Amino acid sequence: MTALLAGVAAVAVPLVLLGSLSGHARRPGMLASALRAHGTIPRALAGPLTAAVLAAEALTGAGSTAALLLRLDGPMRTAFAASAALLALYAAYGTYVSRTRPDVPCGCAGEGTPMTGWIAGRAAALSALALIGALHGLPSGSSLYESFIVVTAGLGFAVLLWTLPSAMIERRSAG
């Protein structure tokens, strides 16, 4: 079971991190604006913190992808450990902001999704997956069929975790 989860992590975690990075690139000011709305840091630090977040997502997402494709166990474990730490920070931050300033924008992936506990839960789930990947290492010895199952499950987890916060927003109808 751990090998399956590590394989799922190897697909889902980098995919979500790189997807987030892509979303930030499409809407470059969204994260800085959201950070200012959160009210947790001085407004002047929103730009530099945004740059740091994007660099961290790029390094962990691209690093884990490259290590997986090149079958480099040590670098993959390192990239996943860094991903787990980054995502745990996101989970803690998301929990704090969703409790103290509900309905501010998350800024996740350049989207206008409000900060909710679902955002924090997604980050915590991804952090746990990344930690499993870091502890287990590269998935190995899989048949083509097993690899297909792992990749399909990883893609499924990525899509579910990516869409969960938006899907859980209660939409109020006008009228």
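Let me begin with Asp-73, which is partly exposed, at a relative accessible area of 30%. The model I am showing is a predicted one.

What does Asp-73 pair with? Its salt-bridge partner is Arg-77, and the closest N and O atoms of the two residues lie 2.7 Å apart. Arg-77 is partly exposed as well, with a relative accessible area of 28%. In general, side chains of opposite charge can pair when their charged atoms come close.

Where do these two residues sit? Both belong to helix α4, which covers residues 73-100. Asp-73 and Arg-77 are four residues apart in that helix, so about one helical turn separates them. How many salt bridges does the structure hold? The count is one.

Now to the backbone, and to two residues in loops.

Take Arg-71. Its place is in the loop between α3, residues 46-69, and α4. Arg-71 is not a glycine, yet its phi is positive, at about 60°.

You will find Asp-103 in the loop between α4 and α5, the latter being residues 117-136. Asp-103 also has a positive phi, near 75°, and is a residue other than glycine. Asp-103 is exposed, with a relative accessible area of 64%.

Technical notes:
Residues are numbered from 1 along each chain as its sequence is written. This is a predicted model: local features need pLDDT of at least 70, side-chain atom pairs count only at pLDDT 80 or more; totals for chains, interfaces and linings use all residues. Side-chain values use heavy atoms; hydrogens and water are left out. A salt bridge is a side-chain nitrogen of Lys or Arg within 4 Å of a carboxyl oxygen of Asp or Glu. Buried means under 20% relative accessible area, exposed over 50%, partly exposed in between (1.4 Å probe, protein chains only).
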